[in-house]
2 protein chains.
Amino acid sequence: MVYTVIMAGGSGTRFWPASRRALPKQFLPLGDGVTPLLTATIRRVAALSGPGEVIVVTRADLAEATRSAAPELPAANVLLEPVGRNTAPCVAWATETVLQRDPSAVLVVLAADAHIADESAFVAALRTAVKAAEGGAIVTLGIRPTRPETGYGYLHVGEAWPGGLAGVWTVNAFVEKPDEARAAAYVAGGQHLWNAGIFVFRADVMARAVAQHLPAVAEALRGADASTVQARYPGLPNVSIDYAVMEKVAAVAVVPVDCGWSDVGSWQAAWELGDRDASNNAVRGARAVVVDATENVVVAPAGKTVALIGVHGLVVVDTGDALLVIPRERAQDVKRAVDALAAAGRDDVL
Amino acid sequence: MVYTVIMAGGSGTRFWPASRRALPKQFLPLGDGVTPLLTATIRRVAALSGPGEVIVVTRADLAEATRSAAPELPAANVLLEPVGRNTAPCVAWATETVLQRDPSAVLVVLAADAHIADESAFVAALRTAVKAAEGGAIVTLGIRPTRPETGYGYLHVGEAWPGGLAGVWTVNAFVEKPDEARAAAYVAGGQHLWNAGIFVFRADVMARAVAQHLPAVAEALRGADASTVQARYPGLPNVSIDYAVMEKVAAVAVVPVDCGWSDVGSWQAAWELGDRDASNNAVRGARAVVVDATENVVVAPAGKTVALIGVHGLVVVDTGDALLVIPRERAQDVKRAVDALAAAGRDDVL
């Protein structure tokens, strides 16, 4: 069986005021404007993993939100972390859980909060990765870069992966986030792909890798069930699976893919992914009145009238209790408003 | 007695979305952020005219809003125009109404929707004007210009008004809205004042002037009561008191005044009149979070959190059902959104 493990514990603040502590980004319809990202992620992998084979790992306080976004999942398939411990303990726990059900299972691990424009290309790449994983490889998907992005790590692609599977290559190196010049060289060179944190492997292979590189984690989780994990989880190291395992494995395979992947990193993405009018305004929810206004993104409650006159490149997000106005190019700075609200004790809107 | 006649029939659209057809500008707290302009206007003249001597002329459909803003007024002091007919029929009707109560009354006539920063200077000027009016003059207040405004008419000041009353002068001419060069020359020259449409006169003097220059209006309104006016009003000419009477009277007196008068003409005025933070943002109602944002004006429901990041010189107005975002320097263009909404049949937000 192919199990898909969806990491859904993020607490993103960059989509405030739509995202809140109790309703982070993965529960918002930031892709198509209708479907929560987590729900869309589950649907996207349905051809590989049915509801019984989808595991969502999330924060304990997001249990109810997860049930709402993924009502078809068995309760035992929602793993609730008592505290966040980055991706290594998360992947190790999911691997142990799947291993107990199906010793020969293959796992697809990915985040809940990405958007994929070309889902069939994505699923095809996953199928290729699953085949390679069945042969024992730990495989990552490598996204062909469409711009010299400095916010992502890269994968340096090497030779064809041994075994003759078409479309599978060797990762020469995991590359840290580059500066602009290096990012531009990566895009031009064609030998670097974005590391989107999407991994495919056999459960037993990953269990061995964790035992080798994170023996304490393997020990703590061996034979664990949901209740014993609650006590042991806080003691686990707060490290990423990339750093703690992937970069230490002798050889990792990569399947390059060009599927319109977006990490939906800020409100800028809502503009990029949204339907846009003739003046390049992306409007969700609101009934917009636009006069001499271009390249704005508006998100507002259904039916609210929003009039934009003579403004350009703005993000305007209204949630009823809160309103954000920020230039699109500064969308990353939303967290400065969140920090200011936290400092002011405004938990009511966080 | 000094009666004050407040013209409150305006249907301004420049304060949308706060102003609506059923709640135009004069009912909004655009001066101090708390008191509706009409209410503030009544309080301002209280030293001259008590509630029994304040007459409000407004549209019939604004009767209820007027009662709310001016509950202390006797019902007979609210004159309801069945249709708008500009200021000449309005002043003539108010004059006739006052004349029936007190043949020796002096009337102060002004609009409901201005803001006055220095109320004592304003009231002192009115007292001077009342004295001149008691002697038979038709008097206007002339606002000392503080900028070369091209949106107002001007009064060209002549010699001292005969009779030796300090601070009263003769109007040489009513001057049309000037172009920028002329407006600048007016400010520099010191002989021109803004015509704010504030007039003071004895009821019998105005009645004679109306009989002379608008005989049909005088005839229609002579002896009229509120009910007979309803039938006759639609037949009256749609002309201003300035054009139809003031400019034709042989001599009009003027009392110059420097009182921080504002006609509260657009959302720009909310910024000018509002308390501003260290970054020159004027915020009303909202709980604002401001990061690198300057010279904005925000109006939102009490308690709504509004975060402005990296934006400058914007007007942001949220009324719950509608939201406006426009640069302050384009504040006059709000009516383009109103026109677009009207064309789209969006009477629900107009």
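Student: Which residues touch the most other members of the largest nonpolar core?
Tutor: A nonpolar core is a set of buried Ala, Val, Leu, Ile, Met, Phe, Trp, Tyr and Cys residues joined through C-beta atoms within 7 Å. Buried means 20 or more other C-beta atoms within 10 Å of the residue's own, with C-beta atoms placed from the backbone; exposed means 12 or fewer, and partly exposed lies in between. The largest such core holds 255 residues. Those touching the most other members are Leu107(A), Val139(A), Leu107(B) and Val139(B).

Student: What kind of model is this?
Tutor: Residues count from 1 along each chain as its sequence is written, while chains are lettered from A and ligands numbered from 1 in the order in which they are written. Local features need pLDDT of at least 70, side-chain atom pairs count only at pLDDT 80 or more, and totals for chains, interfaces and linings use all residues, since this is a predicted model.

Student: Which residues does Val139(B) touch?
Tutor: Contact means C-beta atoms, placed from the backbone, within 7 Å. Residues up to four places away in sequence are not counted here. The list is Ala129(B), Ala132(B), Ala133(B), Phe199(B), Val200(B), Phe201(B), Ala253(B), Val254(B) and Val255(B).

Student: How many helices and strands does chain A have?
Tutor: Both are DSSP runs, numbered from the N terminus: helices are H or I with at least four residues, strands are E with at least two. In chain A, the count is 11 helices and 17 strands.

Student: What is the radius of gyration of chain A?
Tutor: The radius is taken over C-alpha atoms, and the globule rule is 2.2 Å times the number of residues to the power 0.38. For 350 residues the rule gives 20 Å. Chain A comes close to that, so it is as compact as a globular protein of that length. Its radius of gyration is 21 Å.

Student: What share of chain A counts as buried?
Tutor: The C-alpha trace spans about 60 × 50 × 35 Å along its principal axes. Among contacts with a separation of 6 or more, 63% link residues 24 or more positions apart. Of the 350 residues, the buried share is 49%.

Student: In which sense does strand 15 of chain A pair with strand 17 of chain B?
Tutor: Strands pair if DSSP finds at least two bridges between them. Here there are four bridges. Ala307(A) stands opposite Leu324(B). The sense is parallel.

Student: What is the strand order of the open sheet of six strands?
Tutor: Its pairing is mixed. One pair within it, strands 16 and 17 of chain A, is antiparallel over five bridges. In that pair, Val316(A) stands opposite Val325(A). The order is 12(A)-14(A)-16(A)-17(A)-15(B)-13(B).

Student: Which strands stand at the edges of this sheet?
Tutor: Each edge strand has a single partner strand, so one side is left without a neighbour in the sheet. The two are strand 12 (282–284) of chain A and strand 13 of chain B.

Student: Is strand 15 of chain A mostly covered or mostly open, and how many of its residues are buried?
Tutor: One side carries Thr305(A), Ala307(A) and Ile309(A), the other Val306(A) and Leu308(A). Both faces are covered. The strand is mostly covered, with the buried count at five of five.

Student: Is His192(A) buried or exposed?
Tutor: This residue lies in strand 9 (192–202) of chain A. Its contacts beyond four places in sequence include Tyr154(A), His156(A) and Tyr186(A). There are 24 other C-beta atoms within 10 Å, so His192(A) is buried.

Terms used:
Contact = placed C-beta atoms within 7 Å.
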